[in-house]
Amino acid sequence: MTAIANGGSEENIEPGFKKMKEIAQNAITFDKTADVSNYFLQGQTVASAWGSSRVFTLQDSGFPIEYVIPEEGAPALMATVSVVKDAPNGDLAQEFVNFVLDEEAQLLFANSLFDGPVNKNVKLEGDIVDKVAYGEEEIAKLIKVDWETVNAKRAEWTERANKEIEVAH
């Protein structure tokens, strides 16, 4: 996203590396976990790139935090469930997937985990509509990451970020 926000893309990552080197001057750490809530709760963090569902979960607990979408947009991140090929109990696994995709389960995920529903029959109402990606118009605003390109370069970019940004920081 830093590359995209600075004129690059998944294919042109250089603007992202250049900007991250600047950002690193103001960073205390580059945490590799997906949950930075303790940093917020302990007052060690005032801003972070973080998923909306985690922000709203922390906000729902009473913590004063806001989720802001940058003018460049926000990437589409999805909670997924998968059935492993040739795993034992494949039929039960498929039943579980169907359960997760059921309207009632999707409604519960939206209202308690702040995950936008993937089942198009789910109808959301009230404040939750403003907290999850919901409806064709809102979903169309999300940036679709080219995961094929990202995953092909992930190891290279990680090694480079470790050397050029984190270690240099």
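The following legends describe close-up views of a predicted model.

**View 1. Helices α2 and α8 cross with a right-handed geometry.** The axes of α2 (residues 14-23) and α8 (residues 147-167) come within 10 Å and cross at roughly 30°. The angle therefore makes α2 roughly parallel to α8, since angles under 35 degrees count as roughly parallel. On the α2 side, the contact is made by Glu14, Phe17, Met20 and Lys21; on the α8 side, Trp157, Arg160, Ala161, Glu164 and Ile165 take part. Of the residues in this contact, five are nonpolar and four are charged, with no polar residue.

**View 2. The largest nonpolar core has eight residues.** Its members are Ala3, Ile13, Phe17, Ala24, Val145, Val150, Trp157 and Ile165. Helix α8 provides the largest share of this core, with three residues. Another core, of seven residues, lies apart from it and includes Phe56, Ala110, Leu124 and Ile128.

**View 3. Surroundings of isoleucine 13.** When residues up to four places away in sequence are not counted, isoleucine 13 touches Ala3, Trp157 and Arg160.

**View 4. Asparagine 119 lies in the loop between α6 (103-113) and α7 (136-141).** Asparagine 119 counts as buried because its relative accessibility is 18%, and buried means under 20%. Leaving aside residues up to four places away in sequence, asparagine 119 touches Leu101, Asp102, Glu103 and Gln106. Valine 100 is 19 residues from asparagine 119 in sequence, and their C-alpha atoms are 9.7 Å apart in space.

Notes
Residues numbered from 1 in each chain as written. Predicted model: local features only at pLDDT ≥ 70, side-chain atom pairs only at ≥ 80, totals over all residues. Heavy atoms only, no water. Axes fitted to C-alpha atoms, helices over the stretch in contact; angles between N-to-C directions. Helix = DSSP H or I, 4+ residues; strand = E, 2+ residues; numbered from the N terminus. Parallel < 35°, antiparallel > 145°, perpendicular 65-115°, else oblique. Left-handed = near helix turned anticlockwise from the far one by under 90°. Contact = heavy atoms within 4.5 Å. Nonpolar A, V, L, I, M, F, W, Y, C, P; charged D, E, K, R; others polar. Core = buried A, V, L, I, M, F, W, Y, C linked by side-chain atoms within 4.5 Å. Buried < 20%, exposed > 50% of the residue type's maximum accessible area, 1.4 Å probe, protein only.
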